[in-house]
Amino acid sequence: MPWCCARGAATPLLSEPGRPVPDPFGPMLIQPNPAALVITAGTGEGIFIERLKHSGWQLTIAPPHQAEPLCVQLRPHLVLIDNRLPDLTTMAKQLHQISNVDDTFFVVISEKPLSEKRRRSLAHAEILHNILWNSRDTSLVEWVSRMTTRLRVVPALFAVLDEADQAVEVIDDSRVVLYVNRAYENVTGCLRGEVIGQQESDVRRKSLPRPREDDRRRSSDWKCIRVPSSSCSNQYVYVKRRSLDGGIYRDVSLKSIRSQAMIEAPISEVISMLRDAAGRCEGESAQLVKDAVKVLSSHELYLPNLQKIRDGDQRVAAQYYDGLVRVGTLHHPPRHRKRSVVDAYKDKRGSHGERRRVSADVKNALENDHLWNYDILQLERVTEHHALSQLGMKIFERWKVADVLQCQEDILARWLNTIEMHYHAGNAYHNATHAADVLQATSYFLDQPTVADHVIDTHGVAALLAAAVHDLDHPGRGNAFLINTRQSLAILYNDQSVLENHHVALAFQLTLQQNSNVNIFGALSRDEFSTMRAAVVEMVLATDIRRHFEYLAKFNQMNIVDVADEQREQNSMIVCNMLVKCADISNPCRDWVTCQKWAYRIVEEYFEQTREEKEKGLPLTMEFFDRESCCVPVTQTGFVDMFVREAFSCWSEFAHLPQLLHILDQNYEHWKQMQPGWTPANNIGLLS
């Protein structure tokens, strides 16, 4: 490493002045919090110090006599010692003897480059680097800070691994063992000292007691995970599978990131307890518990299983069951259509979209729609509130929706225009732009490899269609308002998911009406249409916030390891339900400016609903949305606490999108900081 500040490209941590951005570290995202201690008898002012402040460093300037206690207390990433201090080498040696500063970077800061004699003297005090007070280059200390932050995370990770019940073995690309935990020692009988540094051994891993043949385990006892890394070398982790059919269940892995304050459905608690019990028993008992978990995890928990009466005298009963109970679930797509989104759309970013004619402004506003920070509100402005039809066609072309539906693109374009026309432009929030926003998020989620691996092609298209129509003809008032005012829709749908039923029913009415020339399903077979319709209907109904925890529990109970063919389609539907739900409530995970604008829009709708409820003497659905008393930031943190945080904790972990949680946390803190100063006067003109 060069003597003075390294020359080269600035670290990415400098890309956002005043706040270090998260550092991707393998599968994690680490929030840097760099701290520096400046030891000087002066004021500590200089260009280099100002650059550190600008980069978000926490700086403490202290005289020499406070150096040792502050090093212990602050444990800084960087210690800058003024070269003008007397007896500097003695002080440096004393600081190096402090037990908790072994990962602290000690640097001498001076007004001019040091002489060779001075450098040799400092080297005896273990100070090898010199920085100038007037230097503008902070890249060296930024890099050291990032490496130090990563190193400080590692002991906690290894402490957790050592307490894990599952055996873990880490190897490098030369197949040399780097680490094993205590559980590995217990299950293999091999001590760490005997294994670490040795070549990996299948014999050693297979020395575990084998399951009985009647357990019929279809997978390997060990799962191999390739560690994501930016380095040139690779690492692999072997994890001993759990005794319960070798399955790694999602709700087990998610418990570590959930808040204890989160609400968990009783069925989820029961399944969690059974899984814990299964891990403590073996043989026939474990198999019985496994079977119980499988039954309780069923997508149709309260429907009988009539597989045993399909033959003989019971065939009539089975036909009654299919005709009267399982209506709408009888049709299945042909086998060749059950491809994953990955297989179906490997070349989805083809040349389809270039044929469409749009203005230069619209074309520019449509750029980067595949990114999470896409600005849908800018598209709303330049298209004069036609964001859904413009963005919808681009996304549908990318995902080859016309090919899957076997319809012409002009029919698909007319269908989108028809759908857009039936959104209420006068709604502050529930309008066509919100539908376009949810559609963009749905497309983004489908584009994530982990998600695409679990979604079959027809469900992927159904999710895009569901996103486009999920709030069709929304009146700007909620279900409770419609029920309390005895609206015809509430009577029609018996107060059950009133709006959600209306949105999807109207969508199909508009699509299938005679002489409309917008029937995008016209070329599908009866079975294909029934399958597509059932999927779209279920995904739209899943957006009913009243059923939020039901769908979240189903998602958490889903087993994604060694999935049988008959289970794969069910998993695909569960994933898509969760995907559209998260897309629908994703505004708190957008950048702060976008998050704030959407929040003010929904709050404005709720204000108007509360006003009308008060005028008509109706029960107040959400009385805290009273313009005369509401604290908007409190409503937003409350919504995150109740619905968004747990849903996105689960979804982000599944989809490998940790940055969404980071954005959510940042926005949450913004709202918290706004709460003390918010007054009812702020509730006037939120949309101006």
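Select Thr148 to begin: at 5% relative accessibility this residue counts as buried (under 20% relative accessible area with a 1.4 Å probe, protein chains only). The model is predicted, so that local features need pLDDT of at least 70 and side-chain atom pairs count only at pLDDT 80 or more, while totals for chains, interfaces and linings use all residues. Residues are numbered from 1 along each chain as its sequence is written, and side-chain values use heavy atoms, with hydrogens and water left out.

Thr148 belongs to helix H5 (residues 139-163); helices are DSSP runs of H or I with at least four residues, strands are runs of E with at least two, and both are numbered from the N terminus. The Thr148 side chain lies 2.8 Å from the backbone oxygen of Val144. Leaving aside residues up to four places away in sequence, Thr148 touches His77 and Asp103 (heavy atoms within 4.5 Å).

Next, select strand S6 (residues 105-110), where six of six residues are buried. In a regular strand the side chains alternate between the two faces of the sheet. On one side of S6 are Phe105, Val107 and Ile109, and on the other Phe106, Val108 and Ser110, all of them buried.

S5 (residues 78-82) runs parallel to S6, joined by five bridges (DSSP must find at least two for strands to pair); Ile81 stands opposite Val108. S7 (residues 130-132) also pairs with S6 in the parallel sense, over three bridges, and Ile131 in S7 is the bridge partner of Ile109.

Conventions. Buried < 20%, exposed > 50% of the residue type's maximum accessible area, 1.4 Å probe, protein only. Polar contact = N/O pair within 3.5 Å; in protein donor to acceptor, adjacent residues only side chain to side chain.
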